[in-house]
Amino acid sequence: MIRNSKKPFIFVGGGAVLSGASDELKVLAHKIQAPVADSLMGKGAFDGTDELYTGMVGMHGTKTSNFGISECDLLIVAGARFSDRVTGNASKFAKNAKILQIDVDPAEINKNIHTSASIIGDLKVVLRKLNA
């Protein structure tokens, strides 16, 4: 999915903070040249001064981040759940994108938003393998 994507976008949540996956997120984002947005709980997992950072997503997010999610063809969800403050109307959330969700908690997969694919595991470990 990542190789075939022309407009990937990364959405980072609190799981990235808990996992300590900052370095791995940076490697992935720069390797695939994907913009990165975060949730409130994901703040600090990705460097807010990085050129690929677009700000928060959702009702308290930036226009750039929300537009990026609307226009991407692949949304990589890294340690984030899909709260209603992020998704708004779930039927319209990332409607043009395939969604790849990476999360340690299998209960979060397909809970609020249907995903195209998922990986269950510690984000830091998963991203290390993915980046390799």
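**A pocket and a parallel sheet**

The lining of the largest pocket is made up of 12 nonpolar, nine polar and seven charged residues. The model described here is predicted. The largest pocket has a volume of about 580 Å³. It is lined by 28 residues, and those closest to its centre are G13, G14, S39, M41 and R81. The most is given by helix 1, with five residues.

Six strands form an open sheet, in which the order is 3-2-1-4-5-6 and the pairing is parallel. Strand 3 (53-56) and strand 6 (117-120) stand at the edges; each has a single partner strand, and therefore one side of each has no neighbour in the sheet. From one strand to the next, the twist averages 15 degrees.

The pairs of strands may now be taken in turn. Strand 1 (residues 8-12) and strand 2 (residues 36-38) run parallel and are joined by three bridges. Here V12 stands opposite D38 of strand 2. Further along the sheet, strand 4 and strand 5 also run parallel, joined by five bridges, and A78 stands opposite I102 in strand 5. Strand 5 then pairs with strand 6 in the parallel sense over four bridges, where I102 stands opposite I119 in strand 6.

How many of the six residues of strand 5 are buried? Five of them are, so strand 5 is largely enclosed by the rest of the structure. A residue counts as buried when its relative accessible area is under 20%.

Helix 2 (residues 22-32) touches strand 1, strand 2 and strand 4 (74-78), and its direction makes about 165 degrees with that of strand 1. Helix 3 (residues 63-71) lies across strand 1, strand 2, strand 3 and strand 4, and runs at about 105 degrees to strand 3.

Q33 is found in the loop between helix 2 and strand 2. Although Q33 is not a glycine, it has a positive phi of about 50 degrees. With a relative accessible area of 48%, Q33 is partly exposed. N110, in the loop between strand 5 and strand 6, likewise has a positive phi in a residue other than glycine, near 60 degrees. N110 counts as partly exposed, because its relative accessibility is 38% and this class lies between the limits of 20% and 50%.

S5 is found in the segment before strand 1. Is S5 buried or exposed? S5 is buried, since its relative accessible area is 16%, under the limit of 20%. With which residues is S5 in contact, leaving aside its neighbours within four places in sequence? The contacts are with D73 and L74. S5 and L74 are 69 residues apart in sequence, yet their C-alpha atoms are 6.1 Å apart in space.

Definitions and conventions: Residues are numbered from 1 along each chain as its sequence is written. This is a predicted model: local features need pLDDT of at least 70, side-chain atom pairs count only at pLDDT 80 or more; totals for chains, interfaces and linings use all residues. Side-chain values use heavy atoms; hydrogens and water are left out. On a 1 Å grid over the protein atoms alone, a cavity is a set of points where a 1.4 Å probe fits but cannot get out, and a pocket is an open set with protein on both sides within 12 Å along at least five of seven lines; lining residues have an atom within 4 Å of a point. Grid points are joined across faces, edges and corners, and a volume is the space filled by probe spheres set on the points. Helices (H or I, at least four residues) and strands (E, at least two) are DSSP runs, numbered from the N terminus. Ala, Val, Leu, Ile, Met, Phe, Trp, Tyr, Cys and Pro count as nonpolar, Asp, Glu, Lys and Arg as charged, and the others, Gly among them, as polar. Two strands pair if DSSP finds at least two bridges between them. Axes are lines fitted to C-alpha atoms, for helices over the stretch in contact, and angles run from 0 to 180 degrees between N-to-C directions. Contact means heavy atoms within 4.5 Å. Buried means under 20% relative accessible area, exposed over 50%, partly exposed in between (1.4 Å probe, protein chains only).
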